[in-house]
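This report describes selected features of one structure, beginning with a helix and its surroundings.

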Amino acid sequence: WKSEEQIDRYVPTHCCYCGVQCGMYLKVANGKVVGVEPRADFPLNHGMLCPKGSTAYQTVNHPDRLTYPLMRRNGKDSPLERASWDEVLDTIARRFRELQAQYGNDTVSIYSGSSMTNEKCYLMGKFARVAVGTRHTDYNGRLCMSSATGANERSLGIDRAANPISDMLHADCIFVIGANVGECFPITTSYLWQARDRGCKLIVADPRQTPIARTADVYLPLRSGTDSALLNGMLHVIVKEGLIDEDFIRERTNGWEETMALVEQYPPERVAKVCGLRPEAIVEAAHMYGRANAALIYTARGLEHQSKGVDNGVTAANLALATGNFGRPGAGYGTLTGQGNGQGGREMGQKASQLPGERDVEDPEDRAYICSVWGIDEKDLPHSGYPATLMIPAMLRQEIRACFMICSNPMVSLPDQHTVERALRGLDLFVVTDFFLSETAELADIVLPGSVWAEDEGTVTSLEGRVIKYNKAVEPPGEARVDWEIVCDLARRLGKGQYFDFHSARDIFNELRKCTKGAKSDYWGITYEKIAEQNGVFWPCPSEDHPGTPRLYEKRFGFPDGKARFHPIPYIPPAEEPNAEYPLVLTTGRVIYHYLSGNQTRRTPFLKEMAPYPWVEIHELTAARLEINDGDWVTVSTRRGEMTAPALVVRSIRPDTLFIPYHYGHTQAVNQLTNPVLEPMLKIPEYKVCAAKAVRASQR
Ligand code: SF4
């Protein structure tokens with residue numbers, strides 16, 4: 001710790017963790033980041049940070065940082081040894097080309113992440129398609145908010161939250177379904193409390209009584225995986241009681257008749273049985289939401305991490321559309337993105353089916369435009385490839401034999417871990433770029449030491465759709481390099497350096513602006529200077545004199561006719577339901593002290609101390625029946641595996657449900673147990689529901 005007099009510089013930047021992207025200063029002394037201070041001038045967090053943000057700086061100088069390249073020189077069983085940059089990059093380039101000559105270009109895959117800047121996300125998609133020449137490029141956002149993307153695109157035509165977070169202050173009712181706001185997006189709760197102080201009602205639907213659920217006017221402890229039934233049931237009540245907005249439906253939407261006919265089949269009594277709720281509570285929630293002048297719906301992974309995740313999001317949008325809750329202060333629907341750049345990362349063209357600016361890799365006009373910016377022939381632009389979750393079976397089939405991974409830790413984050421491990425171990429060449437030796441990097445043939453957010457500059461798009469900028473505070477340690485420089489260097493060694501002649505993150509940003517010009521997520525009018533002047537700019541921002549667009553859908557939705565789309569969504573149960581052998585439901589999620597796979601936060605002393613290992617949250621009635629006491633070791637099993645962790649006996653979870661946080665690796669990974677079944681459209685796994693059983697392993 002340094003006294004204030006010893007601080008050389010305060011570098012304005014943002015937290016590297018969740019999608020809220022709170023403003024902070026990094027304190028720099030003697031060329032090292034030594035502390036953090038919240039920014040009172042940033043209009044979202046107003047001088048607040050959560051426990052993760054307050055300690056984020058501790059990853060920068062952490063003794064576990066990778067400071068030189070590592071390589072296995074004598075096969076899979078040999079140790080990772082120190083190597084030079086020339087040796088590792090030349091080896092990667094040579095082996096990629098050898099494998100591609102033998103098995104085709106698509107035998108190499110690129111697997112990236114959404115906690116990177118827009119510049120890096122953009123670069124990875126271009127690197128895959130132009131430098132490597134493979135169609136298999138995807139990212140860990142596939143596991144995160146891709147269901148919300150599908151719902152936004154199907155219902156509203158634009159994949160972004162409809163409102164800035166400050167719109168909470170204008171809402172009469174906020175309905176949170178499947179979002180643990182207090183733990184996953186902590187700073188946004190201050191808006192919730194301010195809204196509550198102004199009389200705003202709060203409805204929370206969640207199988208666990210999360211911190212905000214404890215204060216809700218109506219708490220709906222629904223059974224995991226029954227979200228669409230609940231939302232259809234609420235719309236049923238709203239229709240019956242004449243609470244729909246007929247003018248809005250007529251003038252601004254299509255397809256209402258079919259949806260109205262479908263929700264007729266979801267009376268509260270039927271829905272109550274499906275969801276495990278009281279019918280009166282469903283009616284009360286519907287009245288509260290339907291009678292509000294301005295209401296907001298927020299969803300997150302609880303609703304989206306399901307094999308029906310897209311459908312669930314669509315039913316939430318149906319509810320908001322039927323009540324005319326769009327395009328006004330305090331009225332809207334949005335997903336709360338969990339990853340720092342969950343929003344920007346899904347726009348920049350690193351996805352299997354997408355070019356930058358959310359353009360379609362199969363659309364001739366989009367292809368022609370991006371090829372013109374990149375200066376390549378359209379025939380050289382690969383078509384769509386496998387999403388991240390389908391790369392694993394392709395690796396097992398040896399259709400994919402090499403993988404370049406950055407900013408991802410699938411050995412914690414993908415479901416059915418034993419299968420994932422077999423797939424990654426079986427690769428002919430597995431390269432990981434990271435700043436710590438993650439559980440996944442441990443399996444790599446080559447590990448490239450990359451940079452953390454404080455060592456580079458670049459933009460990130462927050463969960464509001466606000467583009468903000470990280471500023472560089474220090475250099476990477478030892479021989480570690482800034483990520484985009486590593487990727488450009490490798491592109492040169494693959495013979496494609498002319499397309500990666502970038503000298504700064506700004507150069508990359510300027511090219512990506514061009515790629516998004518005229519697209520729905522238009523960054524053309526956003527510059528680094530404008531971000532600094534305005535404290536962030538909301539897309540779309542089509543010209544440099546445009547102020548940006550905090551609230552969407554004030555006049556038009558994102559379809560050519562300007563109208564939103566209703567879709568009738570029948571309730572379909574989750575892929576696995578409890579039975580005699582597996583009588584409980586296992587669900588997973590985050591805790592306030594950890595971020596994603598925990599690769600950073602499990603190394604942060606305070607956060608590690610607060611949540612050092614996973615636990616099994618179990619209701620006291622279920623625990624008593626199974627003779628489990630608080631703190632006993634419990635073995636939880638599913639059809640894919642088992643794990644043992646201490647019991648946390650509570651009253652704040654449904655008696656038929658178990659919860660285990662997902663931030664841990666190796667034998668502590670709950671994803672050894674989760675179901676890899678995928679949502680059919682966007683291929684997100686069903687992390688939130690699988691059948692499980694629990695037995696006491698030993699007493700405390
Ligand atoms: Fe960081 Fe999110 Fe916490 Fe803000 S709320 S400090 S962005 S983790």
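What covers the buried residues of α4?

## Basis of the description

This is a predicted model, in which local features need pLDDT of at least 70 and side-chain atom pairs count only at pLDDT 80 or more, while totals for chains, interfaces and linings use all residues. Residues are numbered from 1 along each chain as its sequence is written.

## Helix α4

The cover of the buried residues of α4 includes β12 (295–299), α12 (301–304), α13 (309–322), β13 (332–335) and β22 (564–565), where contact means C-beta atoms, placed from the backbone, within 7 Å. Helices (H or I, at least four residues) and strands (E, at least two) are DSSP runs, numbered from the N terminus.

Because nine of the ten residues of α4 (residues 146–155) are buried, the helix is largely enclosed by the rest of the structure; a residue counts as buried if 20 or more other C-beta atoms lie within 10 Å of its own, exposed if 12 or fewer, and partly exposed in between, with C-beta atoms placed from the backbone. Among the buried residues are Asn152 and Glu153, and just after the helix glycine 157 takes a positive phi of about 85 degrees.

Leucine 678 has proline 685 in β29 as its bridge partner. Six residues lie between the strands of this hairpin, and in the turn lysine 683 has a positive phi of about 65 degrees.

How values were computed. Two strands pair if DSSP finds at least two bridges between them. Two residues are in contact if their C-beta atoms, placed from the backbone, lie within 7 Å.
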